[in-house]
Amino acid sequence: MSGGRDITVALTGNPNAGKSSLFNAITGAHQRVGNFPGVTIEKHEGYVDYQGRRITVVDLPGTYSLTPFSPEEIVTRRFIIDEKPDVVVNVVEGANLERNLLLTVQLMEMEVELLVALNMIDEVEEKGISIDVKQLQQLLGSHIVPTSARQKRGIEALIDHIARVADGRIGIAKNKLAFSPEVERALDKIAGLLSHERELDGANHRWLAIKLLENDREAYGLVRQHPVWVRVELALQEAIIECERMHRTDPEVLITEDRQAFIRGAMQECVGNPHAGKATLTDRIDTVVLNRVLGLPIFLAVVWGIFQMTFSLGAPLTRGLEYLFMLAAGALAPRLPDPLARSILVDGILSGVGGVVVFLPNIVLLFIGLSFLEASGYMARAAFVIDKVMHRFGLHGKSFIPMVTGFGCSIPAIMATRTLKSRSDRLATIMAIPFMSCGAKLPLYVLLAGAFFPPATAANVMFGIYLLGIAVGLWTAWMLKSTVLKSESEPFVMELPPYRWPTLASVVFQARMKAVMYLKKAGTLILAAVMVIWAASNFPRSREVDAGLARDKARIEASGAGIDQKEHAVRLAESKAQAAQLEYSVAGRAGRLLEPLISPLGFDWRIGIALVTGLAAKEVVVSTLGTIVSIGHAGNQPADLATILRSDPAFSPATALSLMVFVLLYIPCVASMGVMKKEVGAWKPVLAYTGYVVLVAWIAAFITYRLALLMT
Ligand code: GDP
Ligand code: MG
């Protein structure tokens, strides 16, 4: 290739990165010195002729940043914006990458045609620092040429690459820094507003928006002259409020932190011993937490700790609530003489809705734990550690954050996959998310683990269930990625934000929000489901059963027993009649129909009903069990659900395990399937997925049940 058009190149970099030395090495004797307009900063300009074209090189002043504070920064920025050089060469000091990359990242934001000269490569080699240049190229989205201006190494290659970049013959996709979601939202909005302003046509709107959020003087000056300013200013204020609410800080700080998080992540990924020598507290914590060997066990220990806390702190609170509901049942039941009305209240509302509400403490504790991990910055580390594992499953660590969100609820988790650029990564992640056990399934685990296992084992059982979910989810993603969703994995920086002690206010805020949402769900969706289930389990009425009950009552009345004894006998007869009525009801018949399919898993027809109703919302599995099992429960005293289940012959530890596994894996709730359809774009794959999920759940529960039977 020769005879292409001429090229202008700007050299940028931190002071003392070796710009002038490189400039000399490239241009040799062809130099002249002038001044940048309006300032006393010298402008060195030179050229080199390469393959029949002239490459003009301008040595820009050294800067650490592109904020318009110092004259050097202003000159550099204006030159890049106004003169539009064909290529911007960013000279970085190889042994000091972390500090140097701050400028690189800001050049990436400007979306210039970037080429990185990894200078002082001689020092890098001497100090034994290893840099994964190939990986770093992907992350920065620009070619990197190792150079040594002092030893005149890499100069030819640098010139050659300048020509290639200018011609667009580089073959590396530009990469964009992803800021925090609040910042990204504000950027989209502001850039959108700016793009409607005719006078700002040739400007880089996203970059201007970043600068505005950073309170950049020059950007303000530019945009303020135009009518669009009124709306931009409003959007800026909204962004400030939003960042304050979510992070207790302003967008400017957040943007700086996001840049540092990007750089820290890139350093961890591409540079051996990145913090040799000086290390901040964050760096020192990271050397332990991100350690190749210790990282994964530490992560598992942290998650295990959260489950221990969820269970052991939650258990006494749950028992307290249960006691309150029992008191209420005991006080209210005798006042309702009509058995059907009594059944609505005690078996329906108190067992069904109450049975879910009592797990409120566990839910709140789990969410406090998760939001603590998120806000402290540890979650990003976990994602970094998991990244290595995820790559083996064809996924990226970035998929991990949506997956963790899935421990709360699948719906926001599925929507959070929008941060993934590659469609195949997104789809695989979406299909893995429903296996991340959501908060709605927690009550069932707490109930069954607590009822059938000693307290010390219960939390471990739950932990095991969650691990199983993660394993099946990753396996599913891997299967998809290695067959229908095959694709190149995209370069991503795993951002590592600074550690931060979450404020009490934000933790309380999160916890209260979750509590309110849970109670709202219990009072609306779950209450409605409970009423439907109650009706389906009580109707149609069996005349035979009613007549039998009347006969029994008459016989008891006629007997010569004492008042107390008589009352007890009537209760027993009523319970027995209710159990018979349940079998006769719509729900009973539906359950019977299902029974052959699920009896190999150790489930009787009542569990079958609970599984079907659980499709509305997973908490309803517990509600249904609460309603149905207490309808048939022949006890004199109101008892808590765990006690009732333990005394029920159809339940055993093996059934409990099998049921937990089945509920963990089987069909996601209706709402999350709707969101899935929206994100995937069609029903067909979602329905195919549903079939797959049920099959997996059945097989896993079957194996669990058989193994548990063998061991107990
Ligand atoms: P500028 O401020 O970016 O223009 O940096 P200079 O070109 O003035 O270089 C600063 C110092 O770094 C000088 O002492 C150079 O000799 C030295 N230097 C420049 N490039 C290299 C290199 O590749 N290797 C080593 N070891 N030193 C270099
Ligand atoms: Mg210089």
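This is a predicted model: local features need pLDDT of at least 70, side-chain atom pairs count only at pLDDT 80 or more; totals for chains, interfaces and linings use all residues.
**Exercise 1. Find which residues come nearest to ligand 1, then describe the shell around it.**

Next, sort the shell by class. It holds four nonpolar, seven polar and four charged residues.

Then ask where the shell residues sit in the fold. Two elements, α1 (19-27) and α4 (121-126), each give two or more residues to the shell. The largest share, three residues, comes from α1.

**Exercise 2. List side chains that place an N or O atom close to an oxygen atom of ligand 1, with the distances, and work out how much of the ligand's area the protein buries.**

*Solution.* Take the side chains one by one. In S21, a side-chain N or O atom is 2.6 Å from an oxygen atom of ligand 1. For N119, the corresponding distance is 3.2 Å. S148 also takes part, with a polar side-chain atom 3.3 Å from a ligand oxygen.

Now turn to the area. On its own, ligand 1 exposes 580 Å², and the protein buries 75% of that.

**Exercise 3. Locate the largest nonpolar core and name the residues with the most contacts inside it.**

*Solution.* Start with the count: the largest nonpolar core has 118 residues, and L659, M660 and L665 have the most contacts inside it. Helix α21 (residues 455-481) supplies the largest share of this core, eleven residues.

Zoom in on M660. Setting aside residues up to four places away in sequence, M660 touches Y445, L448, A449, F453, V461 and I465.

Finally, look for another core. A second, separate one has 63 residues, including M108, L140, A209 and V271.

**Exercise 4. Decide whether K211, T417 and I644 are buried or exposed, and place each in the fold.**

*Solution.* The cut-off you need is that a residue is buried when its relative accessible area is under 20%.

- K211 lies in helix α8 (residues 205-213). Its relative accessible area is 1%, so K211 is buried. Beyond neighbours within four places in sequence, K211 is in contact with L66, R77, Q106, D216, A219 and R259.
- T417 sits in the loop between α18 (410-416) and α19 (423-432). Because its relative accessibility is 0%, T417 counts as buried. Its contacts, again leaving aside neighbours within four places, are P402, R426, T429, I430 and I433.
- I644 belongs to helix α28 (residues 641-647). At 6% relative accessibility, I644 is therefore buried too.

**Exercise 5. Describe the protein chain as a whole: its helices and strands, its span and its buried share.**

*Solution.* Count the elements to begin with: the protein chain has 31 helices and seven strands. Then take the span, which is about 125 × 55 × 45 Å along the principal axes of the C-alpha trace.

For the buried share, 53% of the 712 residues count as buried. The chain exposes about 31,900 Å², with carbon and sulfur atoms supplying 62% of that area.

To finish, consider contacts between residues with a separation of 6 or more: 75% of these join residues 24 or more positions apart.

Terms used. Residues are numbered from 1 along each chain as its sequence is written. Chains are lettered from A and ligands numbered from 1 in the order in which they are written. Side-chain values use heavy atoms; hydrogens and water are left out. A nonpolar core is a set of buried Ala, Val, Leu, Ile, Met, Phe, Trp, Tyr and Cys residues joined through side-chain atoms within 4.5 Å. Buried means under 20% relative accessible area, exposed over 50%, partly exposed in between (1.4 Å probe, protein chains only). Helices (H or I, at least four residues) and strands (E, at least two) are DSSP runs, numbered from the N terminus. Contact means heavy atoms within 4.5 Å. A residue is near a molecule or strand if one of its heavy atoms lies within 4 Å of it. A polar contact is a pair of N or O atoms within 3.5 Å; within protein, one must be able to donate a hydrogen and the other to accept it, and residues adjacent in sequence count only if both atoms are side-chain atoms. Accessible areas come from the Shrake-Rupley method with a 1.4 Å probe; for residues, only the protein chains shown count as cover. Ala, Val, Leu, Ile, Met, Phe, Trp, Tyr, Cys and Pro count as nonpolar, Asp, Glu, Lys and Arg as charged, and the others, Gly among them, as polar.
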